[in-house]
Amino acid sequence: MTSGPVGIPTPSTASRPVEHIGTIAGIREAVAAARARGERIGFVPTMGFLHEGHLRLVDDAARRAGCVVMSIFVNPTQFGPTEDFSRYPRDLGGDASKARSRGVDFLFVPEVAEMYPTPPALHVTADDLATRWEGAVRPGHFGGVLTVVAKLFNIVAPDVAIFGRKDFQQAALIRRMVRELNFPIDLVVAPTVRESDGLALSSRNTYLDAPARASALGLVESLRAAERAFAAGEHEGERLTAIGLESLAARPEIKVDYFAVVDPTDMRAVGQAASDSVAIVAARVGATRLIDNMILGEGT
Ligand code: AMP
């Protein structure tokens with residue numbers, strides 16, 4: 001059942017209101033009607049507190065599909081017990097207005113009880129691809145992500161789904177899931193949107209005060225240091241990793257979880273880097289945990 005258009009002023013650019021739907025039956029009905037009109041369905045799953053990175057995914061979806069669905073769901077099962085689930089930033093009114101201004105047709109905003117009416121007894125898990133890097137630091141995280149994305153794919157049944165490269169390992173896992181579980185969905189992974197100084201946009205950047213915001217630049221600086229060294233001819237994976245870690249060491253206030261140069265498909269650390277190898281980094285700036293990555297050959 002739809003709850004109707006969100007009650008906030010319509011920006012002059014909007015041609016029609018975005019519908020805010022809280023139930024699985026409601027979004028299925030809306031998508032079925034769009035499909036019956038002959039429209040392709042594009043899907044952008046998010047946890048909300050939207051920024052330009054999310055909105056570029058919407059632009060991409062709108063280029064590929066006549067009907068764009070965005071989900072906003074802060075999924076409890078992908079947060080560890082000591083992580084920021086309860087304080088994760090939320091702004092549904094602002095999100096609805098941004099989504100509308102960029103052409104989202106349906107916002108699927110389920111409550112936790114709609115997605116998990118009973119404690120889940122089944123999970124989508126992955127082998128070692130899910131246990132490296134982010135998976136090692138955040139045990140169970142990718143099981144939560146894959147399970148909720150599989151549920152959302154089954155609920156929305158999109159033709160195309162757009163994810164951000166910002167969450168590189170997540171995108172690699174979802175690509176595997178789509179292939180191995182035969183979801184009939186085209187997967188698009190879009191480039192990372194950054195601030196003008198290079199900081200990757202993230203909903204969690206809102207946690208950063210001015211000094212932490214300055215320190216957070218250490219992540220992209222470390223990636224650029226590795227990228228520059230690669231462009232200058234250094235292809236030894238261990239050496240590139242050392243260069244990234246040296247760059248991070250210049251900011252002792254940053255606590256590094258990992259820096260690595262990996263293969264984009266299996267996420268294993270590479271011996272010899274190639275232009276599609278990816279430098280990945282995760283670090284804590286005060287209480288805020290941030291991740292970023294860069295394809296080494298991207299800038300060249
Ligand atoms: P989140 O709301 O953080 O779960 O992110 C929802 C989607 O937006 C995921 O596919 C992210 O990879 C993507 N995303 C987050 N930040 C960015 C960014 N800075 N640039 C591009 N995509 C992003």
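Between which helix and which strand is the loop that holds A157? I found A157 in the loop between helix 6 and strand 6. Helices here are DSSP runs of H or I with at least four residues, strands are runs of E with at least two, and both are numbered from the N terminus.

**Ground rules.** This is a predicted model, in which local features need pLDDT of at least 70 and side-chain atom pairs count only at pLDDT 80 or more, while totals for chains, interfaces and linings use all residues. Residues are numbered from 1 along each chain as its sequence is written, and side-chain values use heavy atoms, with hydrogens and water left out.

**Entry 1: backbone angles.** I stayed with A157 and read a positive phi of about 50°, although A157 is not a glycine. Most residues other than glycine have a negative phi. A157 counts as partly exposed because its relative accessibility is 38%; buried means under 20% relative accessible area, exposed over 50%, and partly exposed in between, with a 1.4 Å probe and protein chains only. W133 also went on my list, with a positive phi near 50° in a residue other than glycine. I located W133 in the loop between helix 4 (112–115) and helix 5 (134–137).

**Entry 2: the ligand.** How many residues surround the ligand? I noted 16, the closest being H54, G164, D167, V193 and L201; a residue is near a molecule if one of its heavy atoms lies within 4 Å of it. I sorted the shell into eight nonpolar, six polar and two charged residues. In that sorting, Ala, Val, Leu, Ile, Met, Phe, Trp, Tyr, Cys and Pro are nonpolar, Asp, Glu, Lys and Arg are charged, and the others, Gly among them, are polar.

Next I looked up polar contacts, meaning pairs of N or O atoms within 3.5 Å; within protein, one must be able to donate a hydrogen and the other to accept it, and residues adjacent in sequence count only if both atoms are side-chain atoms. A polar side-chain atom of D167 lies 2.6 Å from a ligand oxygen. A side-chain N or O atom of H54 is 2.9 Å from an oxygen of the ligand, and a polar backbone atom of M47 is also 2.9 Å from a ligand oxygen. The protein covers 92% of the 480 Å² of accessible area that the ligand has on its own, by the Shrake-Rupley method with a 1.4 Å probe. Strand 3 (41–46), helix 2 (52–64) and strand 6 (160–164) each give two or more residues to the shell. Helix 2 supplies the largest share, three residues.

**Entry 3: T46.** I picked T46 in strand 3. T46 is buried because its relative accessible area is 7%. A polar atom of its side chain lies 3.0 Å from the backbone nitrogen of G48. Not counting residues up to four places away in sequence, T46 touches H54, M70, S71, I72 and F73, where contact means heavy atoms within 4.5 Å.

**Entry 4: the cores.** Which residues touch the most other members of the largest nonpolar core? Of its 46 residues, I wrote down I27, V69, M115, V149, F153, V156 and I174. Such a core is a set of buried Ala, Val, Leu, Ile, Met, Phe, Trp, Tyr and Cys residues joined through side-chain atoms within 4.5 Å. Helix 6 (residues 141–156) gives the most to this core, with 10 residues. Another core, of 27 residues, lies apart from it, with L217, I243, V281 and L296 among them. In soluble globular proteins, nonpolar side chains tend to be buried together.

**Entry 5: V68.** I found V68 in strand 4 (residues 67–72). V68 is buried, with a relative accessible area of 1%. V68 and V104 are 36 residues apart in sequence, yet their C-alpha atoms are 5.1 Å apart.

**Entry 6: D292.** Is D292 buried or exposed? D292 counts as buried because its relative accessibility is 4%. I placed D292 in strand 10 (residues 288–295). The D292 side chain makes a polar contact of 2.9 Å with the side chain of R194.

**Entry 7: R63.** For a contrast, I opened helix 2 again and picked R63. R63 is exposed, with a relative accessible area of 65%.
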